[in-house]
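Me: I have a structure open and would like to learn how to read its features one at a time. Could you walk me through it?

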Amino acid sequence: MDQYAQRITQDYPVRRKAQEKENMRAYLMGQLRALGYDAKLDDCGKAVNVIAGDPERANIIYAAHYDTPLREPLPPILCPTRPATYLLYQALTPVLTLAACFVFSVGVTFLLSAPNLTLPLFLILLLGALAYLRYGPSEQNNINDNASGVAALLRTAEQLTPRYRNDVCFLFLDGGSENMRGAKGFRKRYPSAKEKPVLCLDCVGSGDELLILPGKSARWNGDLLDAINGSFENSERKTCYDKVDGLVHFPGDQRAFRQGVAICAVCHVSGFGRLIRPTGKDNRIDDENLDLLSRGLVKLAAAYQIKK
């Protein structure tokens, strides 16, 4: 396993509570400074990002969220190229929650012969389900989401030559699992970032295909697309696919930026198309994925600088 991914999964496996995030930020700051970068903390109020490089001067921004999510009741999946499948699966959780609360409240009040208590009990159970979203347990298996993205950025930062370091800003985002708080705070603090390409690495550890998803505006950035296509290469076992047509949906931090681009790793599953399993005990980080990503991002920094 990649040295950065191994260190993160061993020492900082969960990064949801304030102290857990603070410990992770200290690790990131130490690693970036050891690599020769001028790293700093960017406190956005509800989120604290780690920045290496100058967001105002950089031509391109590489980002990954470092926080980890709540443990979801159902195994989470993402289907970037089949949004309808993803939305239907997401709808299962609230539907099953409502059904379970209703059945339980009816069953209990029936046994107690107290039908007048059905509605109050149902509402209490529903409030408990809503409280789970804030106070529920943290997900423990976060190697793909998003230790993989953070490790890929650190490896890229290590391999990037001093010649191009001023052209790239590395951004480690807080609040990726909380409605993009860190990304929105960064965008507000640095308005010029709205017009710069922001490549967000998320769930890049497990999968046979590296999927590159430019947003609506990024699809029309010819210089960026040419640079991406010329920088990322296939290997014997892996492919890199830049999807610039059709309806796609990836619920990542790239949505906060006009020129946002999501990069993820997918596997092909019948009925689901390109599928991502963000968490789970079977997840792992494939070093070949990180190697392809880091080499591609290093080449992209040079290629896009030439285009600019």
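**Reading the features**

Reply: Happy to. Keep in mind that this is a predicted model. Let's begin with a pocket: by class, the lining of the second largest pocket has 7 nonpolar, 6 polar and 4 charged residues.

Me: What is the volume of the second largest pocket, and which residues are closest to its centre?

Reply: The volume is about 360 Å³. The lining consists of 17 residues, and Pro 214, Gly 215, Lys 216, Val 248 and Gln 254 are the closest to the centre. Two elements each give two or more residues to this lining: strand 6 (209–214) and strand 8 (260–269).

Me: Now the aromatic rings. How do I read a ring pair?

Reply: In general, a pair of aromatic rings is described by the distance of the centres and the angle of the planes. In this model the count comes to 5 aromatic pairs. Take Tyr 37 and Phe 170: their centres are 5.6 Å apart with 80° between the planes, an edge-to-face pair.

Me: Which residues do ring pairs link into a cluster?

Reply: Tyr 37, Tyr 62 and Phe 170 are linked into a cluster by ring pairs. For a tilted pair, look at Phe 186 and Tyr 190, with 5.0 Å centre to centre and 40° between the planes. Both Phe 186 and Tyr 190 are buried.

Me: Let's turn to a helix. Which residues of helix 1 are buried?

Reply: In helix 1 (residues 3–11), the buried residues are Tyr 4, Ala 5 and Ile 8. To see how they are arranged, look down the axis: the buried residues of helix 1 fall within an arc of 95°, so they line one face of the helix. On the other side of helix 1 are Gln 3 and Gln 10, which are exposed.

Me: What do the buried residues of helix 1 pack against?

Reply: Their packing partners are helix 2 and helix 5 (143–159). Helix 5 also holds a residue worth a visit, Asp 145.

Me: What is the relative accessible area of Asp 145, and which residues does Asp 145 touch?

Reply: The relative accessible area of Asp 145 is 11%, so this residue is buried. Leaving out residues up to four places away in sequence, Asp 145 touches His 65, Thr 68, Pro 69, Asp 202, Cys 203 and Pro 278. Of these, Pro 69 is 76 residues from Asp 145 in sequence, with 8.4 Å from C-alpha to C-alpha.

Me: And what kind of peptide bond joins Asp 145 and Asn 146?

Reply: A cis peptide bond, with omega at about 5°. Asn 146 also lies in helix 5.

Me: To finish, where is Val 50, and what does Val 50 touch?

Reply: Val 50 is in strand 2 (residues 48–52), and its 0% relative accessibility makes it buried. Apart from residues up to four places away in sequence, Val 50 touches Arg 25, Leu 28, Met 29, Leu 32, Lys 40, Leu 41, Phe 170, Leu 171 and Phe 172. As for sequence and space, Val 50 and Gly 107 are 57 residues apart along the chain, and their C-alpha atoms are separated by 51 Å.

Notes:
Residues are numbered from 1 along each chain as its sequence is written. This is a predicted model: local features need pLDDT of at least 70, side-chain atom pairs count only at pLDDT 80 or more; totals for chains, interfaces and linings use all residues. Side-chain values use heavy atoms; hydrogens and water are left out. On a 1 Å grid over the protein atoms alone, a cavity is a set of points where a 1.4 Å probe fits but cannot get out, and a pocket is an open set with protein on both sides within 12 Å along at least five of seven lines; lining residues have an atom within 4 Å of a point. Grid points are joined across faces, edges and corners, and a volume is the space filled by probe spheres set on the points. Helices (H or I, at least four residues) and strands (E, at least two) are DSSP runs, numbered from the N terminus. Ala, Val, Leu, Ile, Met, Phe, Trp, Tyr, Cys and Pro count as nonpolar, Asp, Glu, Lys and Arg as charged, and the others, Gly among them, as polar. Rings of Phe, Tyr and Trp (its six-membered ring) pair if their centres lie within 6.5 Å; planes under 30 degrees apart count as stacked, over 60 as edge-to-face and the rest as tilted. Buried means under 20% relative accessible area, exposed over 50%, partly exposed in between (1.4 Å probe, protein chains only). The arc is that of the directions from the helix axis to the C-beta atoms. Contact means heavy atoms within 4.5 Å.
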